[in-house]
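The chain is shown first.

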Amino acid sequence: MLSNLKPQAPDSILKLIEEFKTDTRQGKIDLGVGVYKDPQGVTPVMRAVKAAEQRIWETQTTKAYTGLAGEPEYRNAMAGMVLKDVPGDRLASLATVGGTGAIRQALELARLANPEVTVYVSNPTWPNHLSIMKFMGLPFVEYRYFDAETRGVDFDGLKADIAKAGKGDIVLLHGCCHNPTGANLSMAQWEEVAAILETSGAIPLIDLAYQGFGDGLEEDAAATRMIAARLPEVLIAASCSKNFGIYRERTGILFALAEDTAARDLAQGSMAFLNRQNYSFPPDHGARIVSTILSDDALRADWASELEEVRNTMLGLRSQLASELRDLSGSDRFDFIGQHRGMFSRLGATPEQVQKLKSDAAIYMVGDSRLNIAGLNRDTVPVLARAIIDAGI
Ligand code: LMR
């Protein structure tokens with residue numbers, strides 16, 4: 001049986017990790033996978049996470065199963081962090097295996113509710129969105145997103161394309177820090193998106209994997225909150241991997257905002273059912289870290305300030321890179337790097353130029369020229385800037 005299996009195409013982002021590991025060149029630079037690294041190249045355990053783990057270790061009396069949908073403390077704390085004003089009578093929630101688990105369960109839920117569903121996704125999007133949908137056999141259509149000239153959002157294209165989504169279809173949106181481009185909608189543009197969805201009855205699925213990495217914890221949730229306040233039905237897949245730095249704990253959450261309490265109860269039951277079918281109980285350790293931090297004023301304040309340090313470090317690197325490139329190119333054509341937000345920017349280089357960066361300068365970025373800003377530090381920014389110019393980008 002097993003010999004009938006076909007080799008699976010490697011994930012473009014994960015493949016890069018392996019390539020980087022085997023490169024023996026001194027001074028190689030990894031701008032691939034979306035993991036925060038401090039200026040010393042370390043992905044730290046955040047202070048509040050360590051403190052919460054200690055507290056859990058001291059006080060936890062059982063490792064018995066959690067609830068099938070996860071612990072209410074975690075789900076409520078996350079609802080507060082993401083939505084702030086929580087419409088409790090309309091909100092179903094589900095602890096998931098990371099943000100990817102939340103995306104997967106959201107798509108499963110959409111298909112359970114509407115077997116004819118088509119998903120509208122941005123072009124480009126996180127490659128695993130496409131991979132999961134292909135694997136599930138879920139029909140999807142790409143909507144225009146990135147303007148290759150300006151490296152901003154092709155908003156007219158986006159509006160025209162998402163307006164084609166029908167009632168009961170899903171429109172997958174990145175709530176902030178668009179992955180892979182770093183180009184984001186303004187609040188006024190988000191309002192227009194909400195109006196289009198209001199008219200069509202298509203349902204937004206908001207992927208919120210980087211809250212706190214763009215303009216701030218509250219600012220990054222603003223579009224999601226506005227959509228949740230305006231539309232009758234909304235799905236939100238949030239991740240704690242990046243903003244709590246607990247990547248390997250696999251801590252995510254799916255919210256389903258329903259039209260009324262009866263629909264909320266149906267959604268809650270179906271979501272718990274989906275957990276049971278896929279992996280039964282969700283993991284608890286990361287969720288418990290998060291609820292411990294969010295429910296304690298001192299831990300929460302310390303976590304929020306460390307997250308701000310992380311965000312400001314990335315912003316500093318962005319402006320340093322934009323200014324180095326301004327000097328070297330004698331133009332403002334790289335200023336978009338300073339305007340993008342989150343971990344990533346899409347440079348707009350060709351696959352050959354990306355290859356050249358790898359072969360000539362040992363600089364690794366995803367083939368579509370997505371670079372992870374957090375893979376840089378003040379010393380490697382000038383190296384990258386020089387290599388970008390030398391590669392003819
Ligand atoms: C990324 O886009 O690099 C991250 O979300 C990590 C991943 O799983 O791909």
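Isoleucine 246 is buried because 23 other C-beta atoms lie within 10 Å of its own, where buried means 20 or more such atoms, with C-beta atoms placed from the backbone. The model is predicted: local features need pLDDT of at least 70, side-chain atom pairs count only at pLDDT 80 or more, and totals for chains, interfaces and linings use all residues. Residues are numbered from 1 along each chain as its sequence is written.

Isoleucine 246 sits in the loop between β9 (234–239) and β10 (251–257); strands are DSSP runs of E with at least two residues, and helices are runs of H or I with at least four, numbered from the N terminus. Its C-alpha atom is 10.0 Å from that of histidine 285, 39 residues away along the chain.

| Residue | Contacts |
|---|---|
| Isoleucine 246 | Val49, Cys240, Ser241, Thr251, Gly286, Ile289 |
| Alanine 256 | Ala92, Leu109, Leu235, Ala267, Met271 |

Ala256 is among the residues with the most contacts inside the largest nonpolar core, which has 114 residues. Such a core is a set of buried Ala, Val, Leu, Ile, Met, Phe, Trp, Tyr and Cys residues joined through C-beta atoms within 7 Å. Helix α11 gives the most to this core, with eight residues.

Buried residues of α11 include Trp303, Met314 and Leu325. Just after α11, glycine 330 has a positive phi of about 60°.

Technical notes
A residue is buried if 20 or more other C-beta atoms lie within 10 Å of its own, exposed if 12 or fewer, and partly exposed in between; C-beta atoms are placed from the backbone. Two residues are in contact if their C-beta atoms, placed from the backbone, lie within 7 Å. Lists of a residue's contacts leave out its neighbours within four places in sequence.
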